[in-house]
Structures are given as structure tokens and as C-alpha cells.
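Hi everyone, thanks for making time today. I'd like to walk you through one structure, so please take a look at it with me.

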Amino acid sequence: MRLDVLLAQAHISRKKMKQALLKKKILVDDCPARKLSQNVDTGLQTITLEEQPVLGKPHQYFMMNKPLGVVTANSDAKSQTVLDLIKPEDFNDKLYSVGRLDRDTSGLLLITDNGPLGFQLLHPQYHVTKTYEVEVNGPLDDQAVQSFQKGIVFLDGTSCKPATLTIHSSSSNKSSATVTISEGKFHQIKKMFLTVGVKVTSLKRTHFGDFELNPNLATGEYRVLNQAELEIVRHYLEKSY
């Protein structure tokens, strides 16, 4: 959550927050806070005001292996959503998915109640990459690799940032590849492959920034982030300064 929200929950006045910030009396992991809007988590960081600890409820962080057919949304009148897969004992009404995967896309999905973290991971200025395993219904070649590397341009003139395409196998009716992008336009990957003459038949996200889908996490299951993954979260919190 934002630092000022945490301090407000501790009944600190806005005036006192600003004064303490200017005097470097608010510390986050022993470093002076730089702004009241920075993202913090008392479960991962030590926050003090005038040498006194500021306590709060730690955020929740889950990794899910999203199954096909499930909608990435908080609620849906007709379809099962990713939040419907969260057990009652883990659920709270502030949970949301960081970004979205289409109904027919599976794989890595981060779910948290840390609102600013999602904004940060999705904001273009942070250049967070996403990697997918892809199958298409036709051949892929070096020209496709170069087109992705150069930056695909859709028929409507929309330009994509350069992407990395690695071909694993290619035949006349089926190819498999890995693609890494650093943005998230609507149906972007499907449109990119259509531009080079093939249609996506299978799409699975395996990486989101420094997070990697746990190969032991079954489809439709989720788990709390482990310590190494929480360190990645801490790293992103530090970058929010």
C-alpha cells in the first residue's frame, strides 16, 4: 500500500507525515522515505516513524497456474473467474490479478491485494517483460524472428515494441516457439503472429518479469509466493521509490 495510507491507518496526521518526511524521520528498511506515495509492505519491510515501528497488515501474494476457460476478472455473471479459485481462507475482497490472461490463455498469473504493485508491474516505464510458450498452425522462419525483433506493425498502424521470438520447431501445419514482450496490448501476441501469417492455437505464460511459473504447480492451483519470490516483490517495492 502507499506509505501515506499506512501512516493514516496508524492515525498519523497529514501534516505530521509531511514534516517527518522532510526531516527524514520516516525510514523504510533504515533508508529515509523519499515520498509519501511510495509502495510499502510491513510484511516485507521495516517502517519506522521517529524511531518507532509502524505496524500494519501484510499484503498477500499468490502465484496461480491459470487454467483455460477461466476469466481473469474479479467477478463475472456467466463464467468462473480466477478469484473463484481462491479458497475462502485465503480470500479477501481486495485481491485482484496483476494484468490479465485471455480465457483461452493459461499459465502464470500473480494475484495480490497490493494495489500499487500491480500498477507498477504493468506501467510501461518499468519495462517488465512477459514470456509465453506458443503453438501456431503453420510454419515459422527467420523472417518472423526478424519481424518480431524489428517491432510488428498491425494493419491499423499500431506499432509494437521489439519482441524476442525463439523457434523450437516448425512444420507446414504446426510450430512451437517462445515469445517475450515488454508491453500488453489487447490480444497482442495473437495479432503479432497473424501478421506473420499464422494463427495461435495454444498460449501459455511462463514468466512475468523475474517471476517464473513453478513447474510443479498444477493447472488451476495456486500457492503463496516463496521467500525468493517475495524478495522479487521487495525489489519492485524498492524501485517504486
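From which domains does the lining of the largest pocket draw at least three residues each? From domain 2 (59-123 + 208-237) and domain 3 (128-206), with domain bounds that come from an automatic or database domain assignment.

Before going on, a word on the source: this is a predicted model, where local features need pLDDT of at least 70, side-chain atom pairs count only at pLDDT 80 or more, and totals for chains, interfaces and linings use all residues. Residues are numbered from 1 along each chain as its sequence is written, and side-chain values use heavy atoms, with hydrogens and water left out.

Now, what do I mean by a pocket? On a 1 Å grid over the protein atoms alone, a pocket is an open set of points where a 1.4 Å probe fits, with protein on both sides within 12 Å along at least five of seven lines; lining residues have an atom within 4 Å of a point.

The largest pocket has a volume of about 440 Å³, volume being the space filled by probe spheres set on the points, which are joined across faces, edges and corners. It has 26 lining residues, and Arg-100, Tyr-132, Glu-183, Gly-184 and Lys-185 are the closest to its centre. Helix H3 (115-122), strand S8 (130-136), helix H5 (188-195) and strand S11 (200-208) supply at least two lining residues each. Helices here are DSSP runs of H or I with at least four residues, and strands are runs of E with at least two, numbered from the N terminus. H5 gives the most, with 3 residues. By type, the lining has 10 nonpolar, 8 polar and 8 charged residues; Ala, Val, Leu, Ile, Met, Phe, Trp, Tyr, Cys and Pro count as nonpolar, Asp, Glu, Lys and Arg as charged, and the others, Gly among them, as polar.

Next, the second largest pocket, at about 230 Å³. Domain 1 (1-51) and domain 2 both give residues to its lining, so this pocket lies between them. Its lining residues include Met-1, Lys-57 and Asp-113, and helix H1 (3-9) and H3 supply at least two each.

Finally, let's turn to a sheet. Four strands form an open sheet in the order S2-S1-S3-S4, with antiparallel pairing; two strands pair if DSSP finds at least two bridges between them. S2 (31-32) and S4 (52-53) stand at the edges with a single partner strand each, so one side of each has no neighbour in the sheet. S1 (residues 26-28) pairs with S2 over 2 bridges, and Val-28 has Cys-31 in S2 as its bridge partner.
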